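Dear colleague,

Please read them with the coordinates open beside you.

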Amino acid sequence: MPPSFRIEALSAAHDRRDFSCGIEALDGYLARQAGQDMRRRVSNCFVALPEGGAAIAGYYTLAAASIPVQDLPPEQTRRLPRYPVLPAVLIGRLAVDHRFKGQQLGAALLFDAILRALRAEPAVLTVLVDAKDDTAASFYRHHGFQAFSARPQTLFLPIDTAARLLQAGSN
Ligand SMILES: CC(C)(COP(=O)(O)OP(=O)(O)OC[C@H]1O[C@@H](n2cnc3c(N)ncnc32)[C@H](O)[C@@H]1OP(=O)(O)O)[C@@H](O)C(=O)NCCC(=O)NCCS
């Protein structure tokens, strides 16, 4: 985490009107939909705030998900029981306000989401992300995610990478 930010659950105390990441759908989601999704328990939203400031610098969403075992490459499932569907968590959206880009905040949000997912009490095997476009997919690949051959817009975090991150986060 860059030293000057903290990450917490979105609440009514946060001012979300001025958030601007360059993608209208992601700005609009935070302004109009994220709180409602939390209240309805379909997706949680976590925001990064600069120390001493109220403006939202970045956010991500997190929700329970599942993945059919045959969608994962065989090397990821070789040691697993033959359950047809495996437990996962989905980072549906992740964005950084243009004023805060290039400060490792996107990476810090991603790391926070992965740790939160893997430390959850229900078992989670892998973390999935929805990439909105090629630039987003390239950001996730840079951080170790791999694309599914059958689902070009969704990427997953290989299980050994997730385990290493969890280990690093608990040290
Ligand atoms: C993609 C996004 C989240 C990156 O946020 P950021 O805070 O500017 O990125 P960071 O400073 O944390 O970058 C961390 C690392 O990722 C790399 N990176 C950033 N964007 C990248 C991209 N599109 N492709 C590949 N690598 C990327 C950086 O070079 C940096 O690498 P390093 O640690 O090896 O030096 C941000 O540009 C954004 O909000 N974009 C619009 C919304 C979006 O596309 N969201 C993603 C999917 S919904």
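The largest pocket in this predicted model has a volume of about 520 Å³. Its lining is made up of 25 residues, of which Leu94, Ala95, Val96, Lys101 and Phe139 are the closest to the centre of the pocket. Strand 5 (94-96), helix 3 (105-118) and helix 4 (134-142) are the elements that give two or more residues to this lining, and helix 4 gives the most, with 4 residues. By residue class, the lining of the largest pocket divides into 13 nonpolar, 7 polar and 5 charged residues.

The second largest pocket holds about 390 Å³ of space, and 19 residues line it, with Asn44, Leu62, Ala63, Ala64 and Val89 being those closest to its centre. At least two residues of this lining come from each of strand 2 (44-50), strand 3 (58-68), strand 4 (85-91) and helix 3, while the largest share, 4 residues, is supplied by strand 3. When the lining of the second largest pocket is sorted by class, 15 residues are nonpolar, 2 are polar and 2 are charged.

With best wishes

Note on methods:
Residues numbered from 1 in each chain as written. Predicted model: local features only at pLDDT ≥ 70, side-chain atom pairs only at ≥ 80, totals over all residues. Heavy atoms only, no water. 1 Å grid on protein atoms, 1.4 Å probe; cavity = no way out; pocket = protein on both sides within 12 Å on 5 of 7 lines; lining within 4 Å. Points joined across faces, edges and corners; volume = space filled by probe spheres on them. Nonpolar A, V, L, I, M, F, W, Y, C, P; charged D, E, K, R; others polar.
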